[in-house]
Amino acid sequence: MYFFLSTDSVNNVNEDTILISLSYSILDNKYNIILTKSFILKSDQKQSKEVNKIIESFNKIHQSQFEYINQTELYNNLIEDARGCKFLVSHFNDHHTSLVVDLFDYEHKFELFKGLINIDILRNSMPFTRIRMHRKGNRLKIPSPKEVYHWLFNESPNQTNSFFHIPTLIKCFRELDRRGLIHQNYKSIDYVDDLVKSKLNFHISSD
């Protein structure tokens, strides 16, 4: 099964990244959606103007889709719902997962998403897209979810918040898999990394 994850966050005055909300869906092996949940994280501290502004925007768009939740409740939901999943699917996986696990102590961090194989939709699509890559230091710029979606479907997705990110991720995932571009379809997970390096070398030598 597949655990699709997306988050919304904001940087406070100390440049710390604060998790505001997260959404996730569970798909079975035939890509049928089993469940979808969206949470706004409760805070004991006074919320910044930036945080309140984002939360207010959620309320205006789809208030009924978000449930307020504290850290303990969030952890219990994630542990229960991710049980039985094999793949964690997102975009910028390290960013979204680190925002979530950093909420908890070491023991809980270790258990959360334990054993899940990461599939990063942006990284998977990077070697294949027709999006114009450019040199950024010694690496290629990774396409945004909006760019990948437009490349696949020639239209723009709704990227308002984490609730809308999930159907965008699912639709991109299904199409990338239909085209044979998802990691588990390869004999070696290093195959995609080799393609990224090959494309990087091509673009650098073409500068």
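A disulfide is a pair of cysteine sulfur atoms within 2.5 Å. This is a predicted model, where local features need pLDDT of at least 70, side-chain atom pairs count only at pLDDT 80 or more, and totals for chains, interfaces and linings use all residues. Residues are numbered from 1 along each chain as its sequence is written, and side-chain values use heavy atoms, with hydrogens and water left out.

Q: How many disulfides does a search of the whole structure find?
A: Buried means under 20% relative accessible area, exposed over 50%, and partly exposed in between (1.4 Å probe, protein chains only). Cys85, at 10%, is buried, and so is Cys172, at 3%. Across the whole structure, the number of disulfides found is 0.

Q: How many residues does the largest nonpolar core have?
A: A nonpolar core is a set of buried Ala, Val, Leu, Ile, Met, Phe, Trp, Tyr and Cys residues joined through side-chain atoms within 4.5 Å. Phe3, Leu74, Leu78, Val100, Leu112 and Phe113 have the most contacts inside the largest one, and its residue count is 22.

Q: Which residues is Phe113 in contact with, leaving aside neighbours within four places in sequence?
A: Contact means heavy atoms within 4.5 Å. With those neighbours set aside, the partners of Phe113 are Phe3, Leu5, Leu88, Thr97, Val100 and Val101.

Q: How many of the 17 residues of α7 are buried?
A: Helices (H or I, at least four residues) and strands (E, at least two) are DSSP runs, numbered from the N terminus. Helix α7 covers residues 162-178. This helix is mostly covered, and its number of buried residues is 13.

Conventions. The expected span of a helix is 1.5 Å times one less than its number of residues.
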